[in-house]
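Please keep the sequence and the structure in view while reading.

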Amino acid sequence: RIAHGLPSALALLAAIGVVSYGSMLVLVRCCERTKVYSYRDLWAQVFEERSAWLVDVCIAANAMIACISYCLLIERFLEIAIRGLLPGTFLAAAPPEVKLGIVVVFFIFPLCLKRDLSS
C-alpha cells in the first residue's frame, strides 16, 4: 500500500528540486548582473532599501524552522534507538519533551559552542 504513493512522492520531490534549482539560477544571474552578492543587497537593488529587512526576517525564519525540524527528527531517531537499545529503562518511558531536552543539551548545544564546524 505504501508503494502506491512512491511514484507520486518521487515526482513531487523531483518537481520541487527543479523549481528550487530554477529559482536559485535566477537569483544567481540577478546577482551577477547587478554586481551584488547577498540576498539583502539584491532586494535593495531591485526593490528598495527600506524593505530589505524582509529578507533578513525570511532567512531567520527559514533557519529557525530548519533547526526545529532537525531537533524533532533527531529526537524521533533517539526515541527509536532508546526503545531498541534500552528497553525498560526510564528513558524508554520518558515523555518526548525529556527526549527533546536530551537532544538539545547533548547534541545541539555543543554544536552551538563550536567556533568552527569544519573540524
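## A loop residue, E49

Leaving aside residues up to four places away in sequence, E49 touches R40 and A44. The model is a predicted one. E49 sits in the loop between helix 2 (39–46) and helix 3. Its relative accessible area is 52%, so E49 is exposed, the cut-off for that class being over 50%.

## Salt bridges

How many salt bridges does the count come to? The count is four. One of them joins the side chains of D56 and R40, with an N to O distance of 2.2 Å. This pair links distant parts of the chain, since D56 belongs to helix 3 and R40 to helix 2, 16 residues apart. D56 is partly exposed, with a relative accessible area of 37%, and R40 is also classed as partly exposed, at 30%.

Two salt bridges involve E79. Its side chain meets that of R76 at 3.2 Å, N to O, and both residues lie in helix 3, three residues apart, or about one turn of the helix. R83 forms a salt bridge with E79 as well, the closest N and O atoms being 4.0 Å apart. R83 and E79 are both in helix 3, four residues apart, again about one turn of the helix. Through shared partners, salt bridges join R76, E79 and R83 into one network.

Is E79 buried or exposed? E79 has a relative accessible area of 16% and is therefore buried, the limit for that class being under 20%. R76, at 42%, counts as partly exposed, and so does R83, at 45%.

## Nonpolar core

The largest nonpolar core is made of six residues: C71, L78, I82, L91, V103 and I108. Helix 3 (53–85) and helix 5 (96–113) each contribute at least two residues to this core. Helix 3 gives the largest share, three residues.

V103, a member of this core, touches C71, I74, E75, L78 and I108 when residues up to four places away in sequence are not counted. In soluble globular proteins, nonpolar side chains tend to be buried together.

## Nonpolar surface

M24 is located in helix 1 (residues 6–34). At a relative accessible area of 39%, M24 is partly exposed.

For the chain as a whole, the accessible surface is about 9,700 Å², and carbon and sulfur atoms account for 72% of this. Of the 119 residues, 14% count as buried.

## Overall shape

The chain has five helices and zero strands, giving the pattern α-α-α-α-α along the sequence. Its C-alpha trace spans about 60 × 45 × 30 Å along the principal axes.

What is the radius of gyration of the chain? The value is 21 Å, whereas a compact globule of 119 residues would have one near 14 Å. Among contacts in the chain with a separation of 6 or more, 27% are between residues 24 or more positions apart.

Conventions:
Residues are numbered from 1 along each chain as its sequence is written. This is a predicted model: local features need pLDDT of at least 70, side-chain atom pairs count only at pLDDT 80 or more; totals for chains, interfaces and linings use all residues. Side-chain values use heavy atoms; hydrogens and water are left out. Buried means under 20% relative accessible area, exposed over 50%, partly exposed in between (1.4 Å probe, protein chains only). A nonpolar core is a set of buried Ala, Val, Leu, Ile, Met, Phe, Trp, Tyr and Cys residues joined through side-chain atoms within 4.5 Å. Contact means heavy atoms within 4.5 Å. The radius of gyration is taken over C-alpha atoms; the globule rule is 2.2 Å times the number of residues to the power 0.38. Accessible areas come from the Shrake-Rupley method with a 1.4 Å probe; for residues, only the protein chains shown count as cover.
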